[in-house]
Structures are given as C-alpha cells and as structure tokens.
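Trainee: I have a model open and would like to go through its side chains. Can you take my questions one at a time?

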Amino acid sequence: MDQDLETRLRNLERAPRCGAPTRAGKACQRPAIHGRRRCRLHGGLSPGAPRGMKNGNFRNGNWTVSAIEERRWLRSLVQLFATTG
C-alpha cells in the first residue's frame, strides 16, 4: 500500500501546474486538471456554456456566430473607408 502511495505522490509531482495568477500576484502552482491548463479552482473543470440549441437562449440572433462575423466584417469596412477617405 505504501508503494502505491509513493507512486501516486511521484506522479502528482510530475503533473503540469496551473499558472493562474493568484491574489498575491504569483502563479497558482496547483496540479492542473488532466487535459487542461488550469486547476479545479481556476476553471479547469468548467468547459463553458454549451453552444447552439443546447444553451436554451433563443430570444434573438444578435449573438450567433454568423451575426458576430457580420459585425466584424462591417467594422473592418468602416475602418478601411475611414483610413482611405
């Protein structure tokens, strides 16, 4: 049993570290969640809100991916005309 504990501790020491800034201004240094760059306290467990129909917010289309891309395109046109004219 002790050998199993020692093996687990060695694996934990080699785990990638979080690196999120703490209140003291230093990196967190807690072990990151497997497959992620942050620990469980700094968002490693949170995958974010679901996309599309799974989210359940269907009121309008102002924040769909296509609407955001269209606004970026229009903004780039406005900036282009502002610099040339």
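Mentor: Start with arginine 8, which counts as exposed because its relative accessibility is 59%; buried means under 20% relative accessible area, exposed over 50% and partly exposed in between, with a 1.4 Å probe and protein chains only. This is a predicted model, so local features need pLDDT of at least 70 and side-chain atom pairs count only at pLDDT 80 or more, while totals for chains, interfaces and linings use all residues. Residues are numbered from 1 along each chain as its sequence is written, and side-chain values use heavy atoms, with hydrogens and water left out.

Trainee: Which side chain does arginine 8 meet in a salt bridge?

Mentor: That of aspartate 4, at 3.9 Å from N to O. The definition asks for a side-chain nitrogen of Lys or Arg within 4 Å of a carboxyl oxygen of Asp or Glu.

Trainee: Is aspartate 4 buried or partly exposed?

Mentor: Partly exposed, because its relative accessibility is 39%.

Trainee: And where do arginine 8 and aspartate 4 lie?

Mentor: Both are in helix H1, residues 2-14, and they are 4 residues apart, about one turn of the helix. Helices here are DSSP runs of H or I with at least four residues, strands are E runs of at least two, and numbering goes from the N terminus.

Trainee: How many salt bridges does a search of the whole structure find?

Mentor: It finds 1.

Trainee: What about nonpolar surface?

Mentor: Leu5, Leu9 and Leu12 form a nonpolar patch with about 270 Å² of accessible area together. Patch members have over 30% relative accessible area and no salt bridge; nonpolar side chains (Val, Leu, Ile, Met, Phe, Trp, Tyr) are joined within 5 Å, and like charges within 9 Å. The areas come from the Shrake-Rupley method with a 1.4 Å probe, and for residues only the protein chains shown count as cover. Leucine 5 is in helix H1 and is partly exposed, at 47%.

Trainee: Switching to cysteines, how many disulfides does the structure hold?

Mentor: The structure holds 0, a disulfide being a pair of cysteine sulfur atoms within 2.5 Å. For cysteine 28, the nearest cysteine sulfur is that of cysteine 39, 3.9 Å away. For cysteine 39, the nearest is that of cysteine 18, at 3.8 Å.

Trainee: Is cysteine 39 buried or exposed?

Mentor: Buried, with a relative accessible area of 1%. Cysteine 28 also counts as buried, at 16%.

Trainee: What sits over the ring of tryptophan 63?

Mentor: The charged end of arginine 71, 4.6 Å from the ring centre. To count, NZ of Lys or CZ of Arg must be within 6 Å of the centre and within 35 degrees of the ring normal.

Trainee: Last one: what is phi of glutamine 29?

Mentor: Near 70°, a positive value in a residue other than glycine. Glutamine 29 is in the loop between H1 and helix H2 (65-84), and at 47% relative accessibility it counts as partly exposed.
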